[in-house]
Amino acid sequence: MDKYASFTDFHNAELVAWSISARLVAMTFFISLSSIHTQLLPLCGSKYGITPVKDVMDRIKVDYPSLTRRFLYFPTVFWFTGKINDNKILILNRIGILASAVGMAGSNSQLTWSFSMFVSLTSLLSLDIALDLSYPWDCLLFEAGWLALFLPFPQFIWDNFEVVEKPSELLSFLFRLLLFRVVFGFGKLKFVGHTARDNGYIKGFLKYQPIPSIFGWLGEKLPVLFHKLALAGMFFIEIIAPFFLLFPITNTFPFRPVAAASFIALMFGIQLC
């Protein structure tokens, strides 16, 4: 009975963890779409925008006369909405915000969950044509959004905080592979070609970042040895720990939890500084 109870508790914890993960993806879309709402017209509005959507699309039409190729290379719903104006841009953004809020709250069917995530993803992806959302974290969000479409739906947050079932092993692996690619990619960017002259990277990072916190300001003044040790820790987190995500769950060593804890610690440290 004790073993059975332990298995049940672990299974329920997995369902809660996947529910949190799904809602966090939806919340990230909500934050992203909400944060750009007041910036849309100054950036891509038809009248005063720096890069108006209409102008960008007119240039694309010249290079790609075929609608099919235009849509495949630059996917946006604006290809099908007729004349573009500021109201359409804002409405599309608001629809995405609403859909992501629905995703955070949960649903009562797989169709509702997948549709809300699809609308959130489509809204942000459609705005990419003018905003050029090409930073690594933008690409990470787009890929996570596509994968989230296939997650088992999280139930209404006021009824049950769990997902209805665990996702497939393939979907779980794809999420871990996405995280592996992002973290290892950052590590490869930092450490390929690394020499002894680069051992002060952390000190330079803290010194030249635009708006350091009080902890970043104090951290820059710590001894060089501290910065070298911090860089060694970063090497472990971004080069070695990502491979732990690809290990199966065993009783010998908690590979995945160690990787997760190290990533969280790195993000916390960066945010703190």
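Visitor: In which crossing does H6 pass H7, left-handed or right-handed?
Guide: This is a predicted model. In it, H6 and H7 make a crossing, and its hand is left-handed.

Visitor: At roughly what angle do the axes of H6 and H7 cross?
Guide: H6 covers residues 110-131 and H7 covers residues 136-148. Their axes come within 9 Å of each other. The crossing angle is roughly 155 degrees.

Visitor: Are H6 and H7 roughly parallel or roughly antiparallel?
Guide: The axes cross at roughly 155 degrees. An angle over 145 degrees counts as roughly antiparallel. H6 and H7 are therefore roughly antiparallel.

Visitor: How do H8 and H11 lie, oblique or roughly parallel?
Guide: H8 spans residues 169-191, and H11 spans residues 224-244. They pack at about 135 degrees, with their axes 8 Å apart. That angle makes H8, relative to H11, oblique.

Visitor: Which residues in H11 does H8 meet?
Guide: H8 passes H11 in a left-handed crossing. From H8 come Phe180, Val183, Phe184, Phe186, Gly187, Lys188, Lys190 and Phe191. By class, the contact has twelve nonpolar, one polar and three charged residues. On the H11 side they meet Leu231, Met234, Phe235, Ile237, Glu238, Ile239, Pro242 and Phe243.

Visitor: How does H9 lie to H11, roughly perpendicular or roughly parallel?
Guide: H9 runs over residues 201-208. Its axis and that of H11 come within 7 Å and cross at roughly 100 degrees. Angles from 65 to 115 degrees count as roughly perpendicular. So H9 to H11 is roughly perpendicular.

Visitor: Which residues of H11 make the contact with H9?
Guide: H9 supplies Tyr201, Ile202, Lys203 and Leu206. By class, this contact has six nonpolar, one polar and one charged residues. The H11 partners are His227, Ala230, Leu231 and Met234.

Visitor: Is glycine 216 buried or exposed?
Guide: Glycine 216 sits in helix H10, residues 214-219. Its relative accessible area is 0%. Buried means under 20%, so glycine 216 is buried.

Visitor: Which residues does glycine 216 touch, not counting residues up to four places away in sequence?
Guide: Glycine 269 is 53 residues from glycine 216 in sequence, and the C-alpha to C-alpha distance is 9.4 Å. The residues that glycine 216 touches are Leu206, Gln209 and Cys273.

Visitor: Is cysteine 273 buried or partly exposed?
Guide: The relative accessible area of cysteine 273 is 22%. The buried class stops under 20%, and exposed starts over 50%. So cysteine 273 is partly exposed.

Visitor: How many disulfides does the structure hold?
Guide: A disulfide needs two cysteine sulfur atoms within 2.5 Å. The structure holds none. For cysteine 44, the nearest cysteine sulfur is that of cysteine 139, 18 Å away. The disulfide total is zero.

Visitor: Is cysteine 44 buried or exposed?
Guide: Its relative accessibility is 1%. The cut-off for buried is under 20%, so cysteine 44 counts as buried.

Visitor: How many helices does the protein chain have?
Guide: The chain has zero strands. From the N terminus on, its elements run α-α-α-α-α-α-α-α-α-α-α-α. The helix count is twelve.

Methods: Residues are numbered from 1 along each chain as its sequence is written. This is a predicted model: local features need pLDDT of at least 70, side-chain atom pairs count only at pLDDT 80 or more; totals for chains, interfaces and linings use all residues. Side-chain values use heavy atoms; hydrogens and water are left out. Buried means under 20% relative accessible area, exposed over 50%, partly exposed in between (1.4 Å probe, protein chains only). Axes are lines fitted to C-alpha atoms, for helices over the stretch in contact, and angles run from 0 to 180 degrees between N-to-C directions. Helices (H or I, at least four residues) and strands (E, at least two) are DSSP runs, numbered from the N terminus. Angles under 35 degrees count as roughly parallel, over 145 as roughly antiparallel, 65 to 115 as roughly perpendicular and the rest as oblique. A crossing is left-handed if the near helix is turned anticlockwise from the far one by less than a right angle, and right-handed if clockwise. Contact means heavy atoms within 4.5 Å. Ala, Val, Leu, Ile, Met, Phe, Trp, Tyr, Cys and Pro count as nonpolar, Asp, Glu, Lys and Arg as charged, and the others, Gly among them, as polar.
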